Amino acid sequence: MTNWTAKRERKAEVKGRANEPSAMFTRCRVVGCSKPARAGTGDGLDTRFCRSHADHYARHGSPYKPSYGARQINPYRAAALAWLEANQSDTYVANAVDRVATLLRAAGPHVEAFRLRGLSPQERAKAAWARLRKAGVEPSRVVAAWLAVEMIIRDDPQAERKAEFKQVQVAKLVHRMASGTHKRWGEGPTAKELHVYPRPRGRVLRHMGEALEDACGLLIDRWSANLPKPKQS
């Protein structure tokens, strides 16, 4: 049996299971949600969440906690960047910045955002690092994103403290730093433009977040109790 045949049969088998509802999964696990889990509706294999909460989980890293908005996170990013600049000679700061720089260097060739179809989540994550490298994003900005999320979760009285939520929140911030491909052909009113933005969700964000946690882990272990407070506007 060829790999292609095996993949096709596996795909058909998964589709058949997804289309066959199970009476075991009659309730979404999110408190207060009365909808059945997707495995109980013939709409997928998810045994934990309904369609809306599964989508929310894929995008935000939590089935119920929304992502932090720009107004909320930007003061923390500014404070983190200032702190990194003031402490750039610190061994732990230098280590985190260098490890992020290594992520960018080792990401492989740049892949246009409109050529991502068919790539695995891990390959898409590498492509995101390569876009950041091509855009000239400083590694310190990436480290600052991790610190900013650490800081805002610390100050949030209703924070989601699971590691996955933190990883996804940081990955979304980093993904937006160089999220798309932009091309222009011609000049004047007849010029044509192409703007493609990959969707930041799912396993791509998890792969990026895990890599960032590994890169910044020592810094957080050393300095988490002494990170600054953002300036109040």
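A cavity is, on a 1 Å grid over the protein atoms alone, a set of points where a 1.4 Å probe fits but cannot get out, whereas a pocket is an open set with protein on both sides within 12 Å along at least five of seven lines, and lining residues have an atom within 4 Å of a point. This is a predicted model, in which local features need pLDDT of at least 70 and side-chain atom pairs count only at pLDDT 80 or more, while totals for chains, interfaces and linings use all residues. Residues are numbered from 1 along each chain as its sequence is written, and side-chain values use heavy atoms, with hydrogens and water left out.

**View 1. The chain as a whole, with eight helices and two strands.** Helices (H or I, at least four residues) and strands (E, at least two) are DSSP runs, numbered from the N terminus. Read from the N terminus on, the order of elements is α-α-α-α-α-α-α-β-β-α. Of the 233 residues, 40% count as buried, where buried means under 20% relative accessible area, exposed over 50% and partly exposed in between, with a 1.4 Å probe and protein chains only. Among contacts (heavy atoms within 4.5 Å) between residues at least 6 apart in sequence, 62% join residues at least 24 apart.

**View 2. The largest cavity and its lining.** A search of the whole structure finds one cavity of 30 Å³ or more, and the largest cavity has a volume of about 50 Å³; here grid points are joined across faces, edges and corners, and a volume is the space filled by probe spheres set on the points. The lining of this cavity is made up of S67, Y68, I73, V149, Q169, K172, L173 and R176, with α7 giving the most, four residues. By class, four of the lining residues are nonpolar, two polar and two charged, where Ala, Val, Leu, Ile, Met, Phe, Trp, Tyr, Cys and Pro count as nonpolar, Asp, Glu, Lys and Arg as charged, and the others, Gly among them, as polar.

**View 3. V149 of helix α6 and K166 of helix α7.** V149 counts as buried at 1% relative accessibility, and K166 is also buried, with a relative accessible area of 17%. Although V149 and K166 stand 17 residues apart along the chain, their C-alpha atoms are separated by 6.8 Å. Leaving aside neighbours within four places in sequence, V149 is in contact with I73, K166, Q169, V170 and L173, and under the same exclusion K166 is in contact with W146, V149, E150 and I153.

**View 4. Helix α3 and its buried side.** Helix α3, residues 70-86, has 17 residues and reaches 24 Å from its first C-alpha to its last, close to the 24 Å expected at 1.5 Å a residue, the expected span being 1.5 Å times one less than the number of residues. Its buried residues are I73, Y76, A79, A80, W83 and L84. These residues cover an arc of only 135° around the axis, which puts them on the same side of α3; the arc is that of the directions from the helix axis to the C-beta atoms. The face turned away from this buried side carries the exposed residues R71, E85 and A86. What covers the buried residues of α3 includes α4 (91-105), α6 (139-155), α7 (163-177) and α8 (202-223).

**View 5. The largest pocket and the second largest pocket.** About 260 Å³ of space lies in the largest pocket, which is lined by L119, S120, P121, R124, R201, G202, R203 and V204. The elements that give two or more residues to this lining are α5 (121-134) and α8, and the largest share, three residues, comes from α8. The lining of the largest pocket divides into three nonpolar, two polar and three charged residues. The second largest pocket holds about 210 Å³ of space and is lined by 14 residues, of which F49, P63, Y64, E160 and K162 lie nearest its centre. By class, the lining of the second largest pocket has seven nonpolar, two polar and five charged residues.
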